[in-house]
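Here are some questions and answers on aromatic rings and their surroundings. Look at the structure first, then read on.

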Amino acid sequence: MRKTRRLILLLAVFLSLGGVGYKVFETVSQEHREIKNNPIKALNYLPESALHVKDFRRAKVENGRKVWEVMGEEADYYKDRKEAVIKKPRFLYYSRNGDVAETVGAVARMFLSDKELEKLQIEGGIQLNYQNYVLKSAEAIYLPGQQRILMPKRTTLVGGGFELEGSRMEVELDSKIMRLIDSVKSKIEPDKMEKKKKEPKAMQVSGG
C-alpha cells in the first residue's frame with residue numbers, strides 16, 4: 001500500500017514538473033516570436049542588470065526594406081517609462097527611393113510603445129545631412145507616424161548656393177520638402193546657385 005502511494009506521489013510530482021516545463025517553454029517561444037517580429041520588444045525582456053547597453057544599435061525593417069536605424073556609443077533603457085537614452089547617437093532614415101537622411105547629436109531619447117517607435121528626440125549640436133543640404137540646430141525630433149523631422153529651435157540650412165535661417169524647421173521625408181518657419185533670413189551665393197541649376201532638381205525648400 002505504501003509503495004502504491006509513493007508511486008502515485010512521484011507520478012504527481014513528475015506531471016507537475018512537466019506542466020511547469022511546458023509552460024516555461026511556451027512562454028519562451030512566445031517571447032522569441034515577439035522579438036523576431038518586433039526587435040524593439042527585446043528591450044522589455046532585459047534583466048535589470050543588463051539595462052546598460054554598449055554599442056547600441058536598433059533598426060526597423062519593413063517588407064525587407066530598412067526604414068530607419070539608430071546607433072550610439074552606449075544607452076540606458078528605462079522599463080517603467082519605455083525610454084532609451086543614447087549617448088552620441090547617429091540616426092539614419094532610408095527613403096523608398098534610396099535617399100538617406102543622417103542626423104547626429106549629443107544625446108538621443110527613444111520613446112517606445114509596445115509595438116513601435118513613437119518618437120526619437122535628439123539634442124545637442126544637431127547636424128542633419130539630406131540631399132546635399134546641411135541643417136544645424138539644437139534639437140531634432142523624428143515622428144515615424146508622420147514621416148517628419150521637426151527642428152523646434154533656431155535652425156540654419158546650407159546648400160544649393162544659399163544659406164537660410166529660421167526660428168524652426170520641418171522636413172517632410174516622403175515629399176522631400178523642407179520648410180523654414182518664422183523670422184527667416186537668407187544669404188545667397190549666385191555662383192553656386194548657377195551651378196546648382198544644372199543639376200537635377202531634388203529637395204524643395206520653402207520659407208514662411
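Q: In this predicted model, which ring does the charged end of Arg 81 sit over?
A: A charge counts as over a ring if CZ of Arg is within 6 Å of the ring centre and within 35 degrees of the ring normal. The charged end of Arg 81 is 4.2 Å from the centre of the ring it sits over, and that ring belongs to Tyr 78.

Q: At what distance from the ring centre of Phe 111 does Lys 119 lie?
A: Lys 119 is placed over the face of Phe 111. Its distance from the ring centre is 5.0 Å.

Q: How many aromatic pairs does the structure hold?
A: Rings pair if their centres lie within 6.5 Å. The number of aromatic pairs in the structure is three.

Q: Why is the pair of Phe 91 and Tyr 142 called tilted?
A: Planes under 30 degrees apart count as stacked and over 60 as edge-to-face, with the rest tilted. The centres of Phe 91 and Tyr 142 are 4.8 Å apart. Their planes stand at 40°, so the pair is tilted.

Q: How many residues apart in sequence are Tyr 93 and Tyr 142?
A: These two tyrosines form a tilted pair, with 6.1 Å between centres and 55° between planes. Tyr 93 belongs to strand S4 and Tyr 142 to strand S8, so the pair ties together parts whose separation in sequence is 49 residues.

Q: Is Tyr 93 buried or exposed?
A: Buried means under 20% relative accessible area. Tyr 93 has a relative accessibility of 3%, so it counts as buried.

Key
Residues are numbered from 1 along each chain as its sequence is written. This is a predicted model: local features need pLDDT of at least 70, side-chain atom pairs count only at pLDDT 80 or more; totals for chains, interfaces and linings use all residues. Side-chain values use heavy atoms; hydrogens and water are left out. Rings of Phe, Tyr and Trp (its six-membered ring) pair if their centres lie within 6.5 Å; planes under 30 degrees apart count as stacked, over 60 as edge-to-face and the rest as tilted. Helices (H or I, at least four residues) and strands (E, at least two) are DSSP runs, numbered from the N terminus. Buried means under 20% relative accessible area, exposed over 50%, partly exposed in between (1.4 Å probe, protein chains only).
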